Amino acid sequence: MNSDAVTSLAGTFAALYGAAPDAYFAAPGRVNLIGEHTDYNEGFVLPFAIDRVATIAIKLQETGGVRRLRVASTQGGPVVEAAFDGLVPESVAPWARYVAGVFWALEQQGLPMPGADVLLDSSVPIGAGLSSSAAIECAVGLALNTQLGLGLSREELVLICQRAENDFVGAPTGILDQSASLLGTAEHALFLDCRSREAVHVQLPLEAADLALLVIDTRVSHAHDSGGYKELVAACTRGAQELGVPALRDVGIERLVEAQQVLAPQIYRRVKHIVTENQRVLDTVELLGARGPAAIGPLLTASHVSMRDDFGISCDELDLAVDTAMAAGALGARMTGGGFGGSAIALIPAARADDVSAAVREAFARAHYLAPEIFSVIPGPGARQL
Ligand code: GAF
């Protein structure tokens, strides 16, 4: 965020709350390059932090009085105000739960929180599968950790923010989004083992390879606290139980034939996606190291086909975005994020960005879909104080 934007945030904060903020923090959204729905199956993911962020201005309340949380957004709307003691999700508007939930999760951890005034601004599109919610949680988590001197590591903050999302917002998500936002670094993707939580930064030199990564936001909105995501988690848990393993991470490709014989067809297809997707993540990391980003296109597209045909979480708009991008010269394309809408990504030769974008816009217009938002992203830095 440039200094003009911080000045403008300071002005809005003062107008709303009658005082200057103590500090500013920013945390990015993410693109998941590959490794979808593998996180809560204790498998592998390869996301990167993007150059679009949620920014907060924050002022902690002095200790002593009744604790109160006030949250406002630069998008407008009334200031959301909640008493801190007995804080429950229902006492705050849904969008403000991503802020309040982090205060709540830290308190649940035995860390007493002060009240606070928070102003939120975000350049991460909402409901686009780019983790706008985790970006807010991570900005708040880093702010409280820093301002209160809690001494938590970023890895610990990942789990606090995940707890806010799981137990306060009510979405049973894994650690993919919060890990990308808090642990991401510029020019790298984050290769994360979601069982051991070991994270390795893998170079993703898009520019040097004359490549670009386009995000195609279909504007079909989705939310993970609704039914679809929970059903997927339940299906994967059932698949693991029936195969007698702690998590689908423990099922190798070689067990798929047996899995097909013992599982109901719908559970089998879900299991097949997770098992093959874990292998695709490992193959992608290997190819990136050996041959660079231009080589990974077919793996990205295979991941999309698996989500479309086996995991069952694509939609017509995402399929059209992927198929059109491929026909217009993309090296690989896939939906990214939780699914049921949101965004597709396309890995393209940088020189073809305008042609691919135009082809996708035209195809959407022909299908009478909403006009997509198309923009390119680069791997940016993780959450930080401004
Ligand atoms: C959402 C969730 F928040 C992540 O934890 C992950 O499961 C993802 O969907 C699918 O890969 O973003």
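**Core packing, domain contact and ligand shell**

Ala139 is in contact with Phe25, Ala26, Ala27, Ala54, Thr55, Ile56 and Ala383, residues up to four places away in sequence being left out; contact denotes C-beta atoms, placed from the backbone, within 7 Å. The model is predicted, with local features requiring pLDDT of at least 70 and side-chain atom pairs counted only at pLDDT 80 or more, whereas totals for chains, interfaces and linings use all residues. Residue numbers start from 1 along each chain as its sequence is written.

Ala139, together with Ile56 and Ala346, touches the most other members of the largest nonpolar core, which holds 107 residues. Such a core is a set of buried Ala, Val, Leu, Ile, Met, Phe, Trp, Tyr and Cys residues joined through C-beta atoms within 7 Å, where buried stands for 20 or more other C-beta atoms within 10 Å of the residue's own, with C-beta atoms placed from the backbone. Strand S2 supplies the largest share of this core, 11 residues; strands are DSSP runs of E of at least two residues and helices runs of H or I of at least four, numbered from the N terminus. Because domain 1 (3-204) and domain 2 (211-377) both contribute residues, this core lies between them. Another core, of 10 residues, lies apart from it and includes Leu232, Cys236, Val271 and Val275.

The chain is assigned to domain 1 (3-204) and domain 2 (211-377), with bounds taken from an automatic or database domain assignment. Taken over C-alpha atoms, the centres of domain 1 and domain 2 are 26 Å apart. Their contact involves 30 residues of domain 1 and 39 residues of domain 2. On the side of domain 1 that touches domain 2, strand S1 (23-34) and strand S2 (44-60) are the elements giving two or more residues, and S2 provides the largest share, 5 residues. This side of domain 1 comprises 16 nonpolar, 10 polar and 4 charged residues, with Ala, Val, Leu, Ile, Met, Phe, Trp, Tyr, Cys and Pro classed as nonpolar, Asp, Glu, Lys and Arg as charged, and the others, Gly among them, as polar.

The ligand is surrounded by 12 residues, the closest being Glu36, Thr173, Gly174, Leu176 and Gly338; the criterion is a C-beta atom, placed from the backbone, within 6 Å of the molecule. By class, the shell around the ligand contains 2 nonpolar, 7 polar and 3 charged residues. Domain 1 (3-204) and domain 2 (211-377) each give at least three residues to this shell.

Notes. Two residues are in contact if their C-beta atoms, placed from the backbone, lie within 7 Å. A residue is buried if 20 or more other C-beta atoms lie within 10 Å of its own, exposed if 12 or fewer, and partly exposed in between; C-beta atoms are placed from the backbone.
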